[in-house]
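Here are some notes for a colleague who is new to this structure. Please keep the sequence and the 3D view open while reading.

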There are 2 protein chains.
Amino acid sequence: MHHEGFIRETELVTSGVGRKAALLDICGDLLYTIGIEIDKSVLKIGIVNYVGEIIYFQTFFRNPIESYEEALDNINQKVKYTIEQSGISFNKIIGLAVGLPGFIDYKNGIVRLSDQLRWTDVPFAEDLKQLTSLNVIIDNGLKMKVMAEHAVGIAKGSQNSILVGIGSGIGAAIILNGEIYRGESNNAGEIGHTVVDPNGNVYSCGKIGCIATYISEGAILADCRKVKDLASIDEVYLAFRNKEQWALNILDRTSTYIALAISNISCLYNPEYIILSGELMDRIPEIKQSIEAKCEMYMWEPVKQTVRMVYSNLGDQGIVLGAAIQAQNTLIELN
Amino acid sequence: MHHEGFIRETELVTSGVGRKAALLDICGDLLYTIGIEIDKSVLKIGIVNYVGEIIYFQTFFRNPIESYEEALDNINQKVKYTIEQSGISFNKIIGLAVGLPGFIDYKNGIVRLSDQLRWTDVPFAEDLKQLTSLNVIIDNGLKMKVMAEHAVGIAKGSQNSILVGIGSGIGAAIILNGEIYRGESNNAGEIGHTVVDPNGNVYSCGKIGCIATYISEGAILADCRKVKDLASIDEVYLAFRNKEQWALNILDRTSTYIALAISNISCLYNPEYIILSGELMDRIPEIKQSIEAKCEMYMWEPVKQTVRMVYSNLGDQGIVLGAAIQAQNTLIELN
C-alpha cells in the first residue's frame, strides 16, 4: 500500500478529455460551466473553464432551515451574482451542475431524499433551469467529487478508483473504466449500509448492525450521550484533541470501523486508488494515522499490494470542480 | 426482491453474441471449444458448439493427492478420450479453457495458488497447451461460471450480475457492462475476506474476523470440534437434516453470515442479479429459505427493491459451459 501525502496541485491544466494541450490553451476560455456544492449550511459556486481550471470561486453560508422555495431563489441569486462578479459573459456558460448530499435521481433531475437539506422528491434540476435559464444536471456530491479526482485530481488517469467520504456519515463513489459506476438504481458504493454486526445497533434505515452505526456523527454522539451530557459532536472532537480517554476510546473504535469499511470495499472492487476525504479527517487529522494502521491489519494482502491509499488534494473545491467537469461531459453533447 | 425457482432450461439455443439464429443454426457445428472444470476430486470435460450447447459431457473422478505432473498427464488423456468418444474431428476444436479453484493469473496462464489442488505457481496453460496441442486459457472457476450465467443462463442478457458461490469457502464473480470485472489484480469479488468482526477468529489469510470464518466448511468444522468429535463436515449436514439442535444452531449462524455477505456485496455493487450457487445449497437445500429470510432483514431497502436473487439453473455443468464460452470469446480472435 502506497501512502501519499496531502499535496495541493498548483496547476490543473488539462482535463481528462485527451485533446491536445495547444488546442486546449486556445479553447480554454471559450466555454465555461458552473459547479455548485450545496450542503446543510454552505453553498459554494465555481466557474470552471474548458480545461478544468476554476476561474472564479465563492463560498456562501446558507440557512439550514430555509424552505425549498427559498433555497431555489437563494441559489439563483447567488449564481447570477457570481457570474456578474466573475466578469464572464453569460452566453459563454453552457450549463451548471450541482452536487448535493442524499439520494439523487440524476437521470430525472430529482432529489429523492436529502436529510441534510430536508428535501423530498423535488424536481430540483428543472426548477433551477427555469430560474437560471441554464441547462442543469444534479448528482450526489461524492459522485461529483470522484469525477474531479479522476479528471484532474490525485487519481488522474486511473480507470479504477474509489472515493471514500467520511463526514456526518460514510459513503463511497466509484470510477470504473473511467466512468462513474452507479449500479442498477444509482446506489452502488453505499458502504454505510453494509452490515458488520448482526447483534449491533439499529440504524435509521431500519436495519441492525450497519457499519455507519459505528462511524456517523449522530451515532457517535448518541453513544457518548448514554454517559455524558454533550451538546454536539464538537465536544467529542475537542475532548479527543485534549486526549481525554473516553474520546480517544470512542474514536479509536470509529477508526477501526472506518478501516473495515475501506478494507471491505477494497476487497470487493480491488481498485487502483482509494481516495480518502471528508470532514472527519479535516477536523481531526490525527485519526489518519490510526486508520492507516488498522487498514494494515484488516486489508487482504493481495489487494493491499496493489491499492494506493491517498488523500484528496482538491481541498474544499472538489465537489464544485467535479460538478463543473460533469457538466462539460454531459452538456457538450446537448449543445 | 424477486425470487425465482430452480428452473432447468431445456433449450440453450443462442449465445449472447447477437448473431441471427438462422446463421447460428448453420454455423453451430463448424467450430467447437472444450470446457474443463477441475476440482479437488473431480474432473469434468464438455465439448460445446458455437451456439453455446454442450454436445458431449463427461465426469471423471481424480485422485486429490496426485502430483501436478500426474494431474497434467491425466487431464491430457481424458481430453483425448473425450474428443474420441464424441466423434468430433479434432481440427474443428479451436481451443480449451479450464476453470479451477484458487488464485489464478489468467493473463499469464499461471495458477498462483490453489489450496484445493495443492498447486503453487505452475504455468498450467502453457503446460497443457504443449500436451494437447490446443490453445488453452485458464481462470478461476467462479469467473467461468458467471460467464455461463450471463451468456446462456439465468442472468442472460443482464449487464450487471454477481454470482455468489458457497462451497468449501465463499466467493463472488462479477459481470459489469457484460464483461467479467476483475479489478487491478484479478481479486475483485473476494467477499470471503471482507471483515465483519474485529474481535472474531483468525483466518488462514492471517486476518481476524473475515466473514469466511463463519461460513467455510473448515471453519464450521473447527467450531463444532471444540465440543464434538466429528470426522467430517458430512456429519454436520447429517445432524442438520436430523434436526439436531446443535447443527441447526451452527448452520443458522452460517446462514446469517451468508446473508450478510450477499447483502453487503449487493449494497456495494447494486447489481441486477445475485445468482446463488454452490455445494452447500446443493447438499442442504433447506438452508435457502433461511438465507432468503435473513437477506430480507439485512439487505438495504433501495438495493433490495431492484435486485433479483435467483439460483443458478446450470446444474453441475456451469463451469464447463462458461469455460467453453470464454474460450470462444477469447480464442476466436486469436485464430
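1. Start with one pair of residues in chain A. Thr33(A) has Val48(A) of E3(A) as its bridge partner. The model is a predicted one. The two strands involved are E2 (residues 32-39) of chain A and E3(A), and they pair in the antiparallel sense over eight bridges. A hairpin of two residues joins E2(A) to E3(A).

2. Now take the other neighbour of this strand. E3(A) is joined by seven bridges to strand E4 (residues 54-61) of chain A, and the two run antiparallel. Gly46(A) stands opposite Phe57(A) of E4(A). The hairpin of E3(A) and E4(A) has four residues between the strands. Within that hairpin, Gly52(A) takes a positive phi near 85°.

3. How many residues of strand E3 (residues 42-49) of chain A are buried? Eight of its eight residues are. Both faces of E3(A) are covered. On one side sit Val42(A), Lys44(A), Gly46(A) and Val48(A), all buried. On the other sit Leu43(A), Ile45(A), Ile47(A) and Asn49(A), also buried. Note that Lys44(A) and Asn49(A) are among these buried residues.

4. Turn to the sheet in chain B. Five strands form an open sheet with mixed pairing, in the order E4-E3-E2-E5-E9. Strand E4 (54-61) and strand E9 (136-140) of chain B each have a single partner strand, so one side of each is left without a neighbour in the sheet. Neighbouring strands of this sheet are turned by 15° against each other on average, direction ignored.

5. Look inside that sheet. Strand E2 (residues 32-39) and strand E3 (residues 42-49) of chain B pair in the antiparallel sense over eight bridges. Thr33(B) has Val48(B) in E3(B) as its bridge partner. In general, strands of a sheet pair through backbone hydrogen bonds, either parallel or antiparallel.

6. Which strands of chain B does helix H3 (residues 124-132) lie across? They are E2, strand E5 (93-100) and E9 of chain B. The helix runs at about 145° to E9(B). Helix H4 (residues 141-151) of chain B also packs on the sheet, where it touches E5 and E9 of chain B. The direction of H4(B) makes about 100° with that of E9(B).

7. Chain B has another hairpin worth a look. Strand E7 (residues 110-114) and strand E8 (residues 119-122) of chain B run antiparallel and are joined by three bridges. Ser114(B) stands opposite Trp119(B) in E8(B). Four residues lie between the strands of this hairpin, and Arg118(B) takes a positive phi near 60° there.

8. Check one helix residue in chain A. Asn76(A) lies in helix H2 (residues 68-86) of chain A. Is Asn76(A) buried or exposed? Its relative accessible area is 9%, so Asn76(A) is buried, the cut-off being under 20%. Neighbours within four places in sequence aside, Asn76(A) is in contact with Leu131(A) and Thr132(A).

9. Ile233(B) is found in helix H6 (residues 233-241) of chain B. With 8% relative accessibility, Ile233(B) counts as buried. Its contacts, leaving aside neighbours within four places in sequence, are Glu217(B), Ile220(B) and Leu221(B). Ile233(B) and Glu217(B) are 16 residues apart along the chain, and their C-alpha atoms are separated by 6.5 Å.

10. Next, where the chains meet. The axes of helix H7 (residues 245-269) of chain A and helix H7 (residues 245-269) of chain B come within 11 Å and cross at roughly 80°. H7(A) is therefore roughly perpendicular to H7(B). Ile265(A), Leu268(A) and Tyr269(A) make the contact from H7(A), with Ile265(B), Leu268(B) and Tyr269(B) from H7(B). The residues of this contact divide into six nonpolar, no polar and no charged.

11. Last, the cysteines. The count of disulfides over all chains is zero. For Cys295(A), the nearest cysteine sulfur is that of Cys267(A), 12 Å away. Because its relative accessibility is 0%, Cys295(A) counts as buried. For Cys224(B), the nearest cysteine sulfur belongs to Cys210(B), 20 Å away. Cys224(B) also counts as buried, at 4% relative accessibility.

Definitions and conventions
Residues numbered from 1 in each chain as written. Chains lettered and ligands numbered in written order. Predicted model: local features only at pLDDT ≥ 70, side-chain atom pairs only at ≥ 80, totals over all residues. Heavy atoms only, no water. Pairing = 2+ DSSP bridges. Axes fitted to C-alpha atoms, helices over the stretch in contact; angles between N-to-C directions. Contact = heavy atoms within 4.5 Å. Buried < 20%, exposed > 50% of the residue type's maximum accessible area, 1.4 Å probe, protein only. Parallel < 35°, antiparallel > 145°, perpendicular 65-115°, else oblique. Nonpolar A, V, L, I, M, F, W, Y, C, P; charged D, E, K, R; others polar. Disulfide = S-S within 2.5 Å.
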